[in-house]
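Thanks for coming, everyone. I'll walk through a few places in turn.

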Amino acid sequence: MMRDKEMKDMDRGSREERLTLRRSVDMIRPMSKYPFTSIEKKWQDYWEREKTFKAVEDPSVPKEKRRYVLDMFPYPSSQGLHVGHPEGYTATDIYCRYLRMNGFSVLHPMGFDAFGLPAENYAIKTGTHPRISTEGNIDKFRAQIKALGFSYDWDREVSTHTDDYYKWTQWIFLQLFKKGLAYEAATPINWCPSCKTGLANEEVKDGCCERCGEPVTRKNIRQWILKITEYAERLLQDLDLLDWPEPIKLMQRNWIGRSEGANVTFALENHEDSLMVFTTRPDTLFGATYMVLAPEHHLVKKITTAEHRQAVEDYIEQANRKSDLERTDLAKEKTGVFTGACAINPVNGKKIPIWISDYILISYGTGAIMAVPAHDERDFEFAKKFDLPIIQVVSEDGSLHDMKEASAGDGIAVNSGEFDGLPTKEFKKRIIAWLSERGLGEATVNYKLRDWIFSRQRYWGEPIPIVHCPVCGIVPVPEKDLPLRLPEVESYTPTGTGESPLAGIEEWVNTTCPVCGGPAKRETNTMPQWAGSCWYYLRFLDPKNDGIFVSQERLAYWMPVDLYVGGAEHAVLHLLYARFWHKVLYDLGHVNTPEPFLKLVNQGMILGEGGVKMSKSLGNVINPDEIIQAYGADSMRMYEMFMGPLEVSKPWSTRGLVGVHRFLDRIWRIALRPLSEENPSEDLVKLLHKTVKKVTHDTAGLEFNTAIAQMMIFINELYKTETNYRDMWETFTLLLSPYAPHLGEELWEKLEKKPSVSRQSWPAWDEELTRESEVTVVLQINGKTRAKEDLPAGISEKRMKEIALSNGRIRELLAGKKVIKIITVPGKLVNLVAK
């Protein structure tokens, strides 16, 4: 799901990056005897030929021994794989190999999120069909991924741009439409008057078109919209069912933005219409001294007086040139104009002026607010600038104060008529009841979440399966006629009307109505890039099924996804949209779980050397192809896992990569020794069992860096013996194989074992042999370490205290002091509190 931000360099290679990396590689290339190039090709060919990692639905495998492990699939950009991709992929691959060796049936698929803006922009620029460039990029990505030895079931590969896939994306859209969750409306979009096309938010930079640099305006245009707001409460509540990082859950909660308050109706002076506003603070109604509408609000033109019309129209035109981000920037100076109209405050009958301002968005709430400047910072700034009244209605202590700044906290009601003296919480209940009794308002739950603007005025996307009939209206394409295929076109240039390039293909647009048979026109908008990724995890279960998007048997066997790994940048949009679609399918009985992804892990970002973000401009981008060529796939895999905890961002270090490569080379050197049937030393046996225990525990917990560190400790000790003990080496090879699978397979074969090592059982350890005979106990005085003692494991706390008090260094430092307390941590620490 990672997409290119720019397409200007799509047809150029990354020559500078390769030269930079090659220079760093040549400077510190190790002298290696480890023939990784031939070994890795040999075993990649074997895995592909033997379909080693093909997942099967074996009914004899119990549910608790099945795991669905999924990576967020990539957008196949022209730049190819970068070193950030393999980090998450390597983590899931190690985990999947570990699970298989522990008797689990594992589904681990890969595919490509292939629709999107970059390929279409490239088509406009070069005339190359988006399908050609996309499929070329997919071939490149697939080869790069296979070169890293990941254990994907490639028989289940999907690409969202193929018609056998988007047939079912269209089918799901029809289910949303039939359920009343898809509708048409005119909504404002980003519009470039120079390019004469709508722009996605990511194509707008600092308020200007990314393509041509012209200022972007806003334009109302017909759109398809999905009612994700219908699922707001469930999307919020069901986060509690998920084992996701708390920051990701918080981002979704904030995006959904649940708030409790009241809808309040304000009558308009000299108008039959009324204004409804949502407020979380109905207790401040007596302090509402003006109202503000979004410039796009439907009542603005109707209520604006002749005297103020020109100023209002000029302001609306200015607002249309700004992005939502610019309009809501808290640091910007507040602007606005008076409409000449007034509303009536429902609680005291006072007239309050109605203004428009661009800091109010039509997409949030009702597009109108009651302004209480004494108790809202933005309202306070606006009131000060335009000399509007500021009336305090909440006080911390019940007394009135000179309002030099807004006070947003709770308190006691003042200047609020019969409600004076009530605490905020009680006042809210009383005023809502008061409004409800008079038909002026009601308690309401509001959500910041807006309905999902689903259509794009683009060619390279799924056609929306809708027909517009002048007689029958909006008619869905019959399911039997899916897929509705994208037509072949010669030009991808926008039409200039705000419609997609499809609108200019008359032989495709003009059709017959599926209901009445009369002339009709196809929908020319296409789906957004998010559509295909909303449900791809389901198609992986049953990718060759022509009769249904996924069978109930496959759903029951694999779902839900047990582990989902990807970047935190998808915290809201992809994850929220996928959860929404899944819940709709669940309500319709098409899927068997209320949530798609049980556990989510976000891998950290891999930074450039020095801890800065990798970028072309800095020349610090690392190309994995160069790394594999110089050091091998296993070295890259193990280095990315050894850099630090999976979830933490960390800087790339080529010297660190070399160190890991030398570790693998040392393993290879040990493997070249003659195998010994002798018994190793007791210390080495104990170290092996500790290593098995540590690697098992850490691999299961996705703590790969510490597992590798323990393997390094073992290899360093084994290397010193100048011997290779057969039984010990078999055990270590099994431990290594998920991390360095090519080398693991080769070592297993050198042990005269039949491949594949990935089909062997994970080694066990003897708990008795992992116990220490001695422990190092830290001796402290007032929390500072002063000495250490090597003591028998299992030593009593009483004996620890005695030894601490008799330690020569401790006795020397305690001279003239009195020990008033002794704190012990069994087997670890004695802290003497003295004065």
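In helix 19, the buried residues are Ala633, Asp634, Ser635, Met636, Arg637, Met638, Tyr639, Glu640 and Met641. That is nine of the 10 residues in the helix, which spans 633-642, so the rest of the structure largely encloses it. Keep in mind that this is a predicted model.

Now helix 4, residues 117-126. This helix is mostly covered, with seven of its 10 residues buried. Which ones are buried in helix 4? They are Leu117, Pro118, Ala119, Glu120, Asn121, Tyr122 and Ala123. What do they pack against? The buried residues of helix 4 pack against helix 5. Just after helix 4 comes Gly127, with a positive phi of about 85 degrees.

Helix 5 comes up again at a pocket. The second largest pocket has a volume of about 320 Å³. It is lined by 18 residues, and the closest to its centre are Gln44, Trp47, Glu48, Lys146 and Trp154. Helix 2 (36-50) and helix 5 (130-146) each give at least two residues to the lining. Helix 2 has the largest share, four residues. What classes of residue make up the lining? Eight are nonpolar, three are polar and seven are charged.

Nonpolar side chains in soluble globular proteins tend to be buried together. Here, the largest nonpolar core has 161 residues, and Phe173 and Trp581 touch the most other members. Helix 20, residues 654-671, supplies the largest share of this core, nine residues. Apart from it lies another core, of 37 residues, including Ala262, Leu268, Leu293 and Phe427.

Let's go back to Trp581. Setting aside neighbours within four places in sequence, Trp581 is in contact with Thr169, Ile172, Leu176, Leu226, Trp452, Phe454, Ala531, Cys534 and Trp535.

Last stop, Gln392. You'll find Gln392 in the loop between helix 12 (377-386) and strand 14 (394-395). Is Gln392 buried or exposed? Its relative accessible area is 6%, and buried means under 20%, so Gln392 counts as buried. Where does its side chain reach? The side chain of Gln392 comes to 2.8 Å from the backbone nitrogen of His401. Again leaving out neighbours within four places in sequence, the contacts of Gln392 are Ala374, His375, Ser399, Leu400, His401, Met403, Val414 and Asn415.

How values were computed
Residues are numbered from 1 along each chain as its sequence is written. This is a predicted model: local features need pLDDT of at least 70, side-chain atom pairs count only at pLDDT 80 or more; totals for chains, interfaces and linings use all residues. Side-chain values use heavy atoms; hydrogens and water are left out. On a 1 Å grid over the protein atoms alone, a cavity is a set of points where a 1.4 Å probe fits but cannot get out, and a pocket is an open set with protein on both sides within 12 Å along at least five of seven lines; lining residues have an atom within 4 Å of a point. Grid points are joined across faces, edges and corners, and a volume is the space filled by probe spheres set on the points. Ala, Val, Leu, Ile, Met, Phe, Trp, Tyr, Cys and Pro count as nonpolar, Asp, Glu, Lys and Arg as charged, and the others, Gly among them, as polar. Buried means under 20% relative accessible area, exposed over 50%, partly exposed in between (1.4 Å probe, protein chains only). A polar contact is a pair of N or O atoms within 3.5 Å; within protein, one must be able to donate a hydrogen and the other to accept it, and residues adjacent in sequence count only if both atoms are side-chain atoms. Contact means heavy atoms within 4.5 Å. A nonpolar core is a set of buried Ala, Val, Leu, Ile, Met, Phe, Trp, Tyr and Cys residues joined through side-chain atoms within 4.5 Å.
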